[in-house]
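The questions below ask what stands behind some of the terms used for this model, and each answer sets a value against its definition.

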Amino acid sequence: MFDCIDHVGIAVAELDAAVATYGETFGMELVHREVIAEHGIEAALLEVGDEHVELLAALSEDSSVGRFLADRGPGMHHVAYRVADIDAAFAALLARGVEMIDAAPRPGLRDSRIAFIHPRSTGGVLTEIVEAAAG
């Protein structure tokens, strides 16, 4: 069902500082940065081989990342797996009784489509499935 790990998401208190740390300390190249206002986040993708580290900063305290930071502080937020067909993967997960957070796939970074699996179905790990944008 999953093609590969697409990225790991890390919640950060301050995005510019985190981008600088990952870039200067680990030599990761910033390849994309985007504000997704409807989700209340600003995200930065840093390249690691063919995959990415996604740094997530909250635009507001009441966003999902804002609540995560308030409850747990900065740190590992989620793991994301790439899928070829998110609609098929989403349907297959529902058919297997997996609890989804999203009611349907939705827009993500770089015109991707995403959906989140509830941690109750994954042993406590917030999990995302990602279908890359066409082309």
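Two strands pair if DSSP finds at least two bridges between them, and strands (E, at least two residues) and helices (H or I, at least four) are DSSP runs numbered from the N terminus. This is a predicted model, in which local features need pLDDT of at least 70 and side-chain atom pairs count only at pLDDT 80 or more, while totals for chains, interfaces and linings use all residues. Residues are numbered from 1 along each chain as its sequence is written, and side-chain values use heavy atoms, with hydrogens and water left out.

Q: What makes E3 and E4 a pair of strands?
A: Eight bridges join E3 to E4, which run antiparallel, and the definition asks for at least two, so the two strands pair. Within E4, Val53 is the bridge partner of Leu46, and in the hairpin of E3 and E4, which has two residues between the strands, Gly49 takes a positive phi near 65°.

Q: How do you know that E6 pairs with E7?
A: Two bridges join E6 to strand E7 (residues 113-117) in the antiparallel sense, and at least two are required, so the pair meets the definition. Pro107 stands opposite Arg113 in E7.

Q: Why are strands E2 and E6 called edge strands?
A: In the open sheet of eight strands the order is E2-E3-E4-E1-E5-E8-E7-E6, with mixed pairing. Strand E2 (29-36) and strand E6 (106-107) each pair on one side only. For E2, the pairing with E3 is antiparallel, over seven bridges.

Q: What puts the buried residues of helix H2 on the same side?
A: In H2 (residues 64-72), Val65, Gly66, Phe68 and Leu69 are buried, that is, under 20% relative accessible area with a 1.4 Å probe and protein chains only, where exposed means over 50% and partly exposed lies in between. These residues cover an arc of only 160° around the axis, as given by the directions from the helix axis to the C-beta atoms, and therefore lie on the same side of H2. The face of H2 turned away from its buried side carries the exposed residues Ala70 and Asp71.

Q: Which strands do the buried residues of H2 pack against?
A: With contact taken as heavy atoms within 4.5 Å, the buried residues of H2 pack against strand E1 (4-11), strand E3 (41-48), strand E4 (51-58) and strand E5 (75-82).
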